[in-house]
Each structure stands twice: as C-alpha cells, then as structure tokens.
Amino acid sequence: MRRAGEEFPMEDDGKILRINTPKSNLRGPWFVVKKNLDEHWALVMLSWKDPNEIEFKPRLGLRWFYGTAGTPSVRGLATWLILPEEMSKIILDNLSIEVDIRQKANDILSGKFSIQELEQERKK
C-alpha cells in the first residue's frame, strides 16, 4: 500500500489491517491493538518470521502515519516496524488499552492461541 501517511484513513481499522508488507515475512495483521489518531500511529498484532527463523511467531507491529508515506516505508510501500518480543509486554502493560484487547494480545504472545487459530478467526 502506497501513500499511507497523514492522509491515510486511520479511523478505519480494516484499512490499517490491509498493510501487509513485507509479505514474505508477515501474516496478518490480525487486529489493531491501539491507535492514536492525534499522534498518527497504530499498534497491531501480527505474525512475523525473522529471515533467520523457520516459523512465524506472534509479534506487535508499529507504524507512524505522517507525511506522505509514513514510516516505516520500503520503496514507497507502507510496512510495519516489528517490535522485539521482549518489548511487547512492557508496551502492552504501559499503554491505555481496552482490557479485553490487552488480554487477547497477551494470550497470543504467550502462546495460548496458535497462528492457525488467528487465521481461522480472521476468516469469520
């Protein structure tokens, strides 16, 4: 998706969830964990495969929607900054997030849900 900067319709979670670059290393994103319309950023739950790994793992992805393209951006395509696993709990515990979304995110990151279960839930 190109031109995902400050003109991007952040009110629409569906459009945020269509950002799926880099496709070879990413599944999802599955849902928006938190977004800040005033500061133009979104945090999502997704599955990520590090290029040195074999399997996908749940991760949080962050993106800023400002300027014409936002950041991160690779060759003009909107992409996600994948947060390291050890930062996830710290971030979830310190943001104002709806209780049910926080619990779901923590359950996914701790392995209570499989990636396959997330894929099935998304298809519903």
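**Entry 1: the whole chain.** I note at the start that this is a predicted model. I counted four helices and six strands in the protein. Read from the N terminus, their order is α-β-β-β-β-β-β-α-α-α. I then looked up the radius of gyration, which is 14 Å; the globule rule gives 14 Å for 124 residues, so the protein is as compact as a globular protein of that length. Along the principal axes, the C-alpha atoms fill a box of roughly 40 × 30 × 30 Å.

**Entry 2: surface and contacts.** What share of the 124 residues is buried? I found 39%. The accessible surface of the protein comes to about 7500 Å², and carbon and sulfur atoms hold 50% of it. For contacts with a separation of 6 or more, I found that 49% are between residues 24 or more positions apart.

**Entry 3: strand β3.** I looked at β3, residues 57-64, and found it mostly covered, with six of its eight residues buried. Which strands pair with β3? One is β2, residues 41-48, which pairs with β3 in the antiparallel sense over eight bridges. In this pairing, valine 44 stands opposite glycine 61 of β3. Another is β6, residues 81-82, which runs antiparallel to β3 and is joined to it by two bridges. There I found leucine 81 of β6 as the bridge partner of leucine 62.

**Entry 4: leucine 26.** I located leucine 26 in strand β1, which spans residues 26-36. Is leucine 26 buried or exposed? Its relative accessible area is 6%, and the cut-off for buried is under 20%, so leucine 26 counts as buried. Not counting residues up to four places away in sequence, leucine 26 touches Asn20, Thr21, Leu46, Ser47, Trp48, Phe56 and Trp80. I also checked valine 74, which lies 48 residues from leucine 26 along the chain; the two C-alpha atoms are separated by 14 Å.

**Entry 5: aspartate 107.** I found aspartate 107 in helix α3, residues 99-109. Its relative accessible area is 14%, so aspartate 107 is also buried. What does the side chain of aspartate 107 meet in a polar contact? I found the side chain of glutamine 103, at 2.7 Å. Leaving aside neighbours within four places in sequence, aspartate 107 is in contact with Lys112 and Phe113.

Definitions and conventions: Residues are numbered from 1 along each chain as its sequence is written. This is a predicted model: local features need pLDDT of at least 70, side-chain atom pairs count only at pLDDT 80 or more; totals for chains, interfaces and linings use all residues. Side-chain values use heavy atoms; hydrogens and water are left out. Buried means under 20% relative accessible area, exposed over 50%, partly exposed in between (1.4 Å probe, protein chains only). Contact means heavy atoms within 4.5 Å. Two strands pair if DSSP finds at least two bridges between them. A polar contact is a pair of N or O atoms within 3.5 Å; within protein, one must be able to donate a hydrogen and the other to accept it, and residues adjacent in sequence count only if both atoms are side-chain atoms. The radius of gyration is taken over C-alpha atoms; the globule rule is 2.2 Å times the number of residues to the power 0.38. Accessible areas come from the Shrake-Rupley method with a 1.4 Å probe; for residues, only the protein chains shown count as cover.
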